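Good morning, everyone, and thank you for making the time. Please take a moment to look at the sequence and the structure on the screen, and then I will walk you through the strands and the core.

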Amino acid sequence: MKHLLLTLALTTAALPAQAEEPVIENATARQSGEHWTFSVTLSHPDTGWEHYADGWRVLDMGGNELGLRVLAHPHEHEQPFTRSLSGVKIPAGTSQVHIQARCQVDGWGETLYTLTLP
């Protein structure tokens, strides 16, 4: 029985913790001339400098990066939070983009937020 418990404890300890990717709660876009400004609201269980949501990006529907917003510090006491990115050039004829969030520990999230441009 001790052997079984030890094996179970070692196996469980070796498993990675279940990560929570940043969640895009909302996103908006507004055009000014030929450039766009995006405002994105994120939530993530930031724990401090060791683990926090550290960015988001605007992608075309083919997955090409059009703009990147780096988040330079944790927001453990401000959840959800909204940050903006200006000066994004969107190709003519584009009607939708994806927004993807990143965590400094777990990388880019799998979930893409689809935003229809106004």
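Before I start, let me say that contact here means heavy atoms within 4.5 Å, and please keep in mind that what you see is a predicted model.

Let me begin with V97, and ask which residues V97 is in contact with, once its neighbours within four places in sequence are left aside. The answer is F38, V58, L59, M61, L66, I90, Y113, T114, L115 and L117.

V97 also belongs to the largest nonpolar core, which has 20 residues, and V97 is listed there with F38, L42, W56, I90 and I99 among those with the most contacts inside it. At least two residues of this core are supplied by each of β1 (23-32), β2 (35-43), β3 (53-59), β5 (81-89) and β6 (96-103), and the largest share, four residues, comes from β2. As a general point, nonpolar side chains tend to be buried together in soluble globular proteins.

Now to the sheet, where three strands lie in the order β1-β2-β5, in an open arrangement with antiparallel pairing. Its edge strands, β1 and β5, each pair on one side only, and neighbouring strands are turned against each other by 20 degrees on average, direction ignored. Between β2 and β5 there are seven bridges, and V40 has R83 in β5 as its bridge partner.

Finally, β3 runs antiparallel to β4 (residues 65-70), joined by five bridges, with L59 partnered by E65 in β4. These two strands form a hairpin with five residues between them, and in the turn G63 has a positive phi of about 90 degrees.

Definitions and conventions. Residues numbered from 1 in each chain as written. Predicted model: local features only at pLDDT ≥ 70, side-chain atom pairs only at ≥ 80, totals over all residues. Heavy atoms only, no water. Core = buried A, V, L, I, M, F, W, Y, C linked by side-chain atoms within 4.5 Å. Buried < 20%, exposed > 50% of the residue type's maximum accessible area, 1.4 Å probe, protein only. Pairing = 2+ DSSP bridges. Axes fitted to C-alpha atoms, helices over the stretch in contact; angles between N-to-C directions.
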